[in-house]
Amino acid sequence: MNTSASENPQRVLITAGVIDGGRSGVGRYIIELVASLRAGHADVDLHVAGLDADRKFFPAIDDEHWLTIPERCAGGVMSFLWHQLALPGLLRRRGIELLHSPTYRRIVWRSPVPQVATIHDCAPFVLRDKYGFLRGLLGRQIAPALARRCRQVIAVSHHTAKDLCHFMKLPEEKVHTVWNGIDHEQYHSRSESEIAEFLKSEKQAHPYFLFVARLEHPGKNHIGLIAAYERFREMLPQASTQLVLGGSDWMGAEVIHQRIAASPYRDDIRVLGFVSDEALPLWYCGCSAIVMPTFFEGFGLPVIEAYACGAAAGLSDIGVLHEVGGELAEFFDPHDNAAMANCLRRLAEQAVLSVAIKKAPALAGASSAGEAVDSRERETADERRCDGVRARQAWSRQFSWERCAEGVQKIYDKSYD
């Protein structure tokens with residue numbers, strides 16, 4: 001940014017009327033991006049339009065920089081209409097110079113100022129059963145036309161960027177990848193005693209696989225995961241590893257609950273509901289591994305959160321999870337329950353080995369050459385385990401909200417010029 005721009009920061013407004021109480025991935029993106037832009041980017045005079053009920057998520061935004069969206073326009077058609085009919089005039093009156101729409105559902109058709117949009121995925125094109133008629137019409141027919149009216153479009157992954165060019169027919173030069181981030185002060189390793197105390201407080205006495213996603217059917221593939229988990233338990237009858245599902249009920253959740261109730265292992269399938277920001281890192285730290293069996297993702301934030309906490313991962317063999325997870329995870333075909341079950345078996349065996357290593361006696365206590373050899377083998381295995389944890393945590397450090405904000409700032413500059 002040049003000196004004159006720094007002396008006269010861009011008046012940017014970001015719309016935050018779709019954050020779902022901070023419980024969705026889009027909501028987390030908006031909250032964290034606003035905080036990072038406000039904290040470290042003096043070149044942006046940031047304004048936020050949101051519901052007064054969500055004001056608590058934006059403590060750095062004062063009254064002068066807050067624009068209230070009426071409660072009657074909190075969602076659905078009314079929210080869409082407010083953005084199309086009321087917001088343009090408010091942008092003029094406030095002297096806003098750039099509009100950032102952080103989801104395709106709120107892109108303004110006739111914006112009086114240059115507009116940037118963040119598009120998180122092209123799910124309506126890929127998962128046609130996920131949405132009703134109106135959401136499907138918006139995602140497949142209206143959203144591409146809206147996106148083409150934006151000065152620049154931000155994709156949260158290279159995979160999503162390719163989808164935008166393919167499905168929405170956006171020109172490549174208009175689409176820019178800016179990865180999501182995580183808060184590394186929140187997501188990091190914890191001591192064994194802290195993890196043990198947390199799991200005791202949560203009455204989680206057994207090892208567990210963890211899947212963090214809204215209970216949404218069919219897109220998140222909970223049904224396939226439950227079937228794979230049952231196969232895993234049949235393969236290893238002695239296994240005590242449970243399946244823990246963290247996330248709020250969403251569309252089709254009743255199908256998932258019914259499937260759990262019908263499972264012979266229902267007592268070992270635990271549904272947490274929404275998991276708080278404070279508890280989530282500890283659930284990651286304590287798990288045998290996270291599992292993401294989803295058919296489609298725009299990014300895959302739980303992978304990075306889990307890596308930062310040192311957790312191993314079993315992931316769907318889809319392009320975006322290779323992009324986000326690198327080669328540090330076990331991958332499986334999400335349509336193949338047997339392959340998924342075999343992945344769970346490998347992850348469980350690795351977790352059991354890690355526990356055995358931690359409990360093994362030290363080399364100094366060996367009383368024979370044979371025991372010394374065993375101890376050296378255990379030390380070698382322990383080094384591999386620690387190397388895996390360190391590699392995952394190092395990988396996660398590529399992803400931060402500060403870096404995301406820097407990338408978004410560059411797109412603002414490109415749109416403003």
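Which arginine does the side chain of glutamate 230 meet in a salt bridge, and what is the N to O distance?

Modeller: The partner is arginine 259, and the N to O distance is 2.8 Å. A salt bridge here is a side-chain nitrogen of Lys or Arg within 4 Å of a carboxyl oxygen of Asp or Glu. This pair links distant parts of the chain. Glutamate 230 is in helix α9, arginine 259 is in helix α10 (residues 253-262), and 29 residues separate them. Side chains of opposite charge can pair when their charged atoms come close.

A word on the source. This is a predicted model, in which local features need pLDDT of at least 70 and side-chain atom pairs count only at pLDDT 80 or more, while totals for chains, interfaces and linings use all residues. Residues are numbered from 1 along each chain as its sequence is written, and side-chain values use heavy atoms, with hydrogens and water left out.

Stay with glutamate 230. Its helix, α9, covers residues 222-235. Helices (H or I, at least four residues) and strands (E, at least two) are DSSP runs, numbered from the N terminus. Glutamate 230 has a relative accessible area of 10%, so this residue counts as buried. The cut-offs are under 20% for buried and over 50% for exposed, with partly exposed in between (1.4 Å probe, protein chains only).

What else does glutamate 230 touch? Leave out residues up to four places away in sequence, and the contacts are Arg259, Ser263, Pro264 and Tyr265. Contact means heavy atoms within 4.5 Å.

Now compare other charged pairs. The structure holds 14 salt bridges. One of them joins aspartate 45 and arginine 11, with 3.3 Å between the closest N and O atoms. This pair also links distant parts of the chain: aspartate 45 sits in strand β2 and arginine 11 in strand β1, 34 residues apart. Aspartate 45 is buried, at 16% relative accessible area. Arginine 11 is partly exposed, at 27%.

Another salt bridge brings together the side chains of glutamate 330 and arginine 346, at 3.0 Å from N to O. Glutamate 330 is in strand β13 (residues 330-332), and arginine 346 is in helix α14 (residues 337-359). They are 16 residues apart, and they too link distant parts of the chain. Glutamate 330 is partly exposed, with 21% relative accessibility. Arginine 346 is partly exposed as well, with 28%. There is also a network: salt bridges link Asp20, Arg214 and Glu216.

Strands β1 and β2 lead us to the sheet. The sheet is open, has seven strands and pairs in parallel, in the order β3-β2-β1-β4-β5-β6-β7. At the edges stand β3 (66-68) and β7 (175-177); each has a single partner strand, so one side of each lacks a neighbour in the sheet. From one strand to the next, the twist averages 25 degrees. Axes are lines fitted to C-alpha atoms, for helices over the stretch in contact; angles run from 0 to 180 degrees between N-to-C directions. Helix α2 (residues 25-40) packs on this sheet. That helix touches β1, β2 (44-50), β4, β5 and β6, and its direction makes about 150 degrees with that of β2.

Look at β4 (residues 98-101). Both faces are covered: Leu98 and His100 are buried on one side, Leu99 and Ser101 on the other. Three bridges join β4 to strand β1 (residues 10-15), and the two run parallel. Strands pair if DSSP finds at least two bridges between them. Here isoleucine 14 stands opposite histidine 100. Strand β5 (residues 115-119) pairs with β4 in the parallel sense, also over three bridges. There serine 101 stands opposite alanine 117. Further along, strand β6 (residues 152-155) pairs with β7 over three bridges, in the parallel sense. Valine 153 faces valine 175 of β7 there.

Finally, helix α4 (residues 87-94). Its buried residues are Leu87, Pro88, Gly89, Leu90 and Leu91. Their cover includes β1, β3, α3 (76-85) and β4. Glycine 95 follows α4 and has a positive phi, near 70 degrees.
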